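Biologist: Please take one part of this structure and look at it closely, setting out how it sits among its neighbours.

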Amino acid sequence: MDALTFAMEPDMTTVRRGLEPLIPALRRFARALARNSEAADDLVQDTLVRALRAEHLFHGGDLRTWLFTILLNLDRNRRRGLSRRPVLAVIEDIDPEAAPASDGSGRDIERGLALLPAEQREVLLLVTLEGLSYREAAEIQGVPIGTVMSRLSRARAALRAHLEGELPQLRRVQ
Amino acid sequence: MTDDAPITEDELHAYVDGALPADRLAAVKSHLAVNPEEAARVAAWRAQAAHIRERWSAVADEPIPERLRIENIAVRASGIRRKVAIAAAIAFLIGGTTGWLGRDLSGLGNERQIALALADAAIAAHRLYVAEVRHPIEVRAEEEHLLRWLSRKVGSPLKAPDLAPEGLKLLGGRLLPGARGPTALFMYEGAGGERVTITCARAASEGETGFLWRQAGEIGAIAWVEGGIAFVVAGPSERERLDRVARLVYAAYEESSPARR
């Protein structure tokens, strides 16, 4: 079956080869976005499926940027779906194994990020967690760089207010 | 921008994110040295970034779960394709007996429409049966009655052309419903497992068409009408190869019925 589906699109192995090394970063980013590890891996899986089905549409360019674009679009759909059925939304939807036990800052950064508007959270994660350039973030979000900068600025200000307001011991880290 | 230009907030972000041009580094540093509030802001941003990385970077070091491995994803992609295909094929099977296909195929004299209608039906059938691992066909190529049976059902002498020049081997065939009558599907498989189908139906027309290209997502099809039969070659949407296959099919029918023209 593997051989069969591989061979069905014989000229498209470049994308497929390029996908593999990007999976860890996609999982990391998705985990930070979706918080729940199961939902995050679903998101990555759907991203890869979408990428493989649409690989004929990929004509050069940056594969990583393209994948993050797909992932964010799927995440928006996912959140839209969640908001349509609030009864099923899990309130404390954080995977326990990943939160550092030490000072709780892991959870606080999570809560702080969760309070941000989605597009601000996306920019902050693309830039700080994934180390993407402002230009790449702009391309992924489909907005001008100026918009990325103002989203980043607002994200950082809001996060600072949240962290310093609720957790003064964080200053220790500075 | 010169070294003593005023520092913008964008530059402070760029400083934190390591995106500041080298010639502005000194200016930003001295600005922060005399502006403690700005310095605190920058320090807070740095701490946020550190927290974010600390919280999630380890995810990238986790072993990749089985379901996210590319080879398994490829299988799943075809699984989704199959669901779409089944829906399309059901629409085809229902429509085929009750209306839309019938309307198009009975458009006497309009060979082009006949060919394209069959192409749509063939693409749906291709999707459905190519995804079938265990039962892609009803009658295997080895069974002698395959051609006799399908030819009788369709009402025209059919061939299963030799597609070896394209590396394709006949798996077998099956019968599909069609409004103008039964439709035959021949399935071929390549060395890599890729599948190509040839769909044939009575065209109820003595006219002919050239090769018509039809594409639906990842599946491509070439359709034509010739000698009272509508043909569709469908497969992975790789036009040049499908074109070569279509030519082989065309040539096989040409040589088998020279009297047809």
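**A close look at one strand**

Modeller: Chain A comes to nine helices and zero strands, whereas the secondary structure of chain B comes to eight helices and seven strands, where helices (H or I, at least four residues) and strands (E, at least two) are DSSP runs numbered from the N terminus. This is a predicted model, in which local features need pLDDT of at least 70 and side-chain atom pairs count only at pLDDT 80 or more, while totals for chains, interfaces and linings use all residues. Residues are numbered from 1 along each chain as its sequence is written, and chains are lettered from A and ligands numbered from 1 in the order in which they are written.

Strand 6 of chain B pairs with strand 5 (residues 212-216) of chain B in the antiparallel sense over five bridges, pairing being taken as at least two bridges found by DSSP, and B:Trp213 stands opposite B:Ile222. These strands form a hairpin with two residues between them, and B:Gly217 in the turn has a positive phi of about 60 degrees. With strand 7 (residues 229-236) of chain B, strand 6 of chain B pairs in the antiparallel sense over eight bridges, B:Trp224 standing opposite B:Phe231.
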